[in-house]
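Dear colleague,

Please read them with the structure open beside you.

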Amino acid sequence: MDNFKLSEQEVQFLISRFRTPFLVVSLEKVEENYRFLRQHLPRAQICYAMKSNSTTAILRRLASLGSNFDVASGGEMRQLHELGIVASRMIYANPVKDFDGLGTAQHLHVRRFTFDDVSEVPKMAQYVPGADVLVRISVHNSGALVDLNSKFGTEPEEALNLLKTAAQAGLNPAGICFHVGSQSMTSQAYEEALGVCRELFDAAEDSGIHLTNLDIGGGFPISPANGVAPDITQMLETINGQLDRLFPDTSVWCEPGRFICGTAVNLVASVIGIKNRGGKPWYILNEGIYGAFSGILFDHWTYPLTCFASGETIPSIVAGPSCDGIDVLYRDIPLPRLEVGDPLLITDIGAYSTASATQFNGFPISRTVVWETEKG
Ligand SMILES: *Cc1c(COP(=O)(O)O)cnc(C)c1O
């Protein structure tokens, strides 16, 4: 599976139609990623974590493929609702829900929720009585890029109590969920977590609670720009085998974000200014860390960068357009001499990029165009 990458000609074609900066999504690549997961992890129904990239065209394509959706706020639920995606395809997987989220879930009839503390039970019982609720447990994983287990998840020993409390409050204790952390490089954390979940399912059964649902979260990795590529096929097949062994009769969901959209988007930006500092060239782009490159900060990510100029390369610095010193994107990256106006292509920038972009300094959030529409 090749990641989506425009050729120089294709970049020039798009520049003749749109002013930079802009992002380009390949919906065919989104679909390929979705189908790949379905094929290699057939036991798990996909609930796309829309926080990673909520571009309308991506949501529509996934909806047409049969995807469900992991939502975290009233705003996300309303966005799906406006696209005609029904509440039965949503799971509200933010363990702590605000009152706009609860009210929206009540209004739209969302019926699946996750939680990791007893304080959440009366809130759900009031707004969505009888709903299916899953307890999120924390799991151990030192092999993830983004930690999601210090802020989220109860200790497994507490899970049974939470399920019982939910049942007493009139909710339906439906299952267990976890998230091993984003960009998890091996299947080990999943395998360990599944073992813990099996014990919890058995303990619940012993106390008269029959659990029916298991949600194994997201975390499925893409190939990083620098570093070892994960063996994703093997990872998924291992997880699927474990699901078959430990949970033959359980309904299983997963919540991929990065894996679906990460490799399906390119950014085209241009050099808008050049400085020389300490003998090194600094290239200022029209897109920066407050925009689509926000994932450098929030997502700890490095994006592959391609330029189309030729010549001898020298260590260069690439920075964004804002008036903040933190807005530096690449340090000592080998580049040939660039000119004002030269385009740059950035790949694998689909996840946690525009999703967390701001309009700081008055620079608008860059638009995303659909490659398959533009190329005709
Ligand atoms: C962010 C998030 C995801 C998606 O994680 P990825 O690592 O992008 O796959 C899934 N589930 C929950 C609850 C999340 O918070």
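Phe-113 is buried, because its relative accessibility is 0% (buried means under 20% relative accessible area, exposed over 50%, and partly exposed in between, with a 1.4 Å probe and protein chains only). Tyr-92 is likewise buried, at 0% relative accessibility.

The model is a predicted one, in which local features need pLDDT of at least 70, side-chain atom pairs count only at pLDDT 80 or more, and totals for chains, interfaces and linings use all residues. Residues are numbered from 1 along each chain as its sequence is written, and side-chain values use heavy atoms, with hydrogens and water left out.

Searching the whole structure gives ten aromatic pairs, where rings of Phe, Tyr and Trp (its six-membered ring) pair if their centres lie within 6.5 Å, and planes under 30 degrees apart count as stacked, over 60 as edge-to-face and the rest as tilted. One of them joins Tyr-92 and Phe-113, whose ring centres are 5.8 Å apart and whose planes stand at 50 degrees, so this pair is tilted. Tyr-92 belongs to strand 4 (residues 90-92) and Phe-113 to strand 5 (residues 112-115), 21 residues apart, so the pair links distant parts of the chain; strands are DSSP runs (E, at least two residues), numbered from the N terminus.

Tyr-92 also has Lys-97 over its face, at 5.6 Å from the ring centre; a charge sits over a ring if NZ of Lys or CZ of Arg is within 6 Å of the ring centre and within 35 degrees of the ring normal. Phe-293, Tyr-303 and Tyr-330 form one aromatic cluster.

Best wishes

Technical notes: Helix = DSSP H or I, 4+ residues; strand = E, 2+ residues; numbered from the N terminus.
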